[in-house]
Amino acid sequence: MAKNRVTHAIIMAAGFGTRMQPLTTTTPKPLLTVNGITMIESVIQNLRANHIEQIYIVVGYLKDQFAFLTTKYPHIHLITNPYYAQCNNIASLYMARQYIPDAIILDADQYINDATVLHPDFDLSGYNAVWTDQFTKEWLLTTDDQGIITHCARNGGVHGYRLYSISRWNHADGVRLQHYLVDELQQHHTDLYWDDVALFQHPAAFQLKAYPMPRGAVREFDSIAELAQVDPTYAKYL
């Protein structure tokens with residue numbers, strides 16, 4: 001039985017998307033289209049399909065290009081991260097920290113194929129993940145028999161759950177995460193990913209769970225070649 005329910009979403013959309021240049025020279029990565037829909041709208045529409053309509057989007061690079069979302073979709077709010085060029089994405093979540101409790105937090109530059117992976121009900125705070133027996137360079141989670149995360153390997157590995165940038169935070173954990181975000185930035189740890197805070201900096205303060213999802217339900221693109229595998233219109237850039 002789920003103990004908690006997501007009431008709103010935070011979408012991280014402030015980054016440069018440098019690995020996608022030249023596509024991102026004039027267009028933010030989340031606004032690149034995949035098979036006719038922008039990445040960020042694939043996130044928004046699947047959130048709305050789960051009745052998660054109150055959405056806070058943290059913007060920075062080419063921020064004005066996101067303004068149309070506030071008129072196209074009800075209950076969209078933009079939050080500007082003025083530090084996006086100097087800090088890692090810990091600064092983006094810091095700017096939206098008041099909304100962390102009871103939130104689902106997602107990156108904007110992913111393509112959602114399956115609305116069920118964004119369901120609002122959950123028991124423990126934690127991350128969506130996909131089991132892999134093959135080597136991955138992405139962050140890899142180790143869990144116990146109850147799915148509780150016991151270790152995260154930053155450099156990847158085999159035989160574990162590959163972490164995806166979809167996470168849910170209950171109220172108490174959200175308040176704790178707020179506190180530690182402020183603490184880390186006061187110590188000038190501006191190079192951190194915000195996920196570092198719970199998974200590496202203060203793991204003993206959280207009991208996080210890995211939520212398995214089907215392979216291919218979410219696509220993350222780190223290169224134009226990966227994008228072209230899903231949307232052939234990008235092949236001309238290879």
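Residues are numbered from 1 along each chain as its sequence is written, and side-chain values use heavy atoms, with hydrogens and water left out. Because the model is predicted, local features need pLDDT of at least 70 and side-chain atom pairs count only at pLDDT 80 or more, while totals for chains, interfaces and linings use all residues.

**Stop 1: the annotated span**

Select residues 9-110. An unreviewed UniProt entry lists them as "domain: MobA-like NTP transferase"; such annotations may be inferred rather than shown by experiment. The end C-alpha atoms of this span lie 15 Å apart, and 22% of the span is helix and 25% strand (DSSP runs: H or I of at least four residues for helices, E of at least two for strands, numbered from the N terminus).

**Stop 2: a stacked pair**

Now show the aromatic rings: the structure holds 12 aromatic pairs (rings of Phe, Tyr and Trp, the latter by its six-membered ring, with centres within 6.5 Å; planes under 30 degrees apart are stacked, over 60 edge-to-face, the rest tilted). Pick Tyr 56 and Tyr 99, which are stacked at 3.7 Å centre to centre with 15° between the planes. Tyr 56 sits in strand β5 (residues 55-59) and Tyr 99 in the loop between α3 (90-95) and β7 (103-107), 43 residues apart. Tyr 56 is buried at 10% relative accessibility, whereas Tyr 99, at 22%, is partly exposed (buried is under 20% relative accessible area, exposed over 50%, partly exposed in between, with a 1.4 Å probe and protein chains only).

**Stop 3: an edge-to-face pair**

Move on to Trp 131 and Tyr 161, an edge-to-face pair at 5.0 Å centre to centre and 75° between the planes. Trp 131 belongs to strand β10 (residues 126-132) and Tyr 161 to strand β13 (residues 160-169), 30 residues apart. Trp 131 is partly exposed at 38% relative accessibility; Tyr 161 is buried at 18%.

**Stop 4**

Select α4 (residues 171-186) and α5 (residues 194-201). What is the angle at which they pack? It is about 105°, with the axes 10 Å apart (lines fitted to C-alpha atoms over the stretch in contact; angles run from 0 to 180 degrees between N-to-C directions). The two helices are therefore roughly perpendicular (65 to 115 degrees). Leu 177, Tyr 180, Leu 181 and Glu 184 of α4 meet Trp 194, Val 197 and Gln 201 of α5 (heavy atoms within 4.5 Å).

Finally, select Tyr 127, Trp 169, Tyr 180, Trp 194 and Phe 206, which form one aromatic cluster.

Terms used:
Angles under 35 degrees count as roughly parallel, over 145 as roughly antiparallel, 65 to 115 as roughly perpendicular and the rest as oblique.
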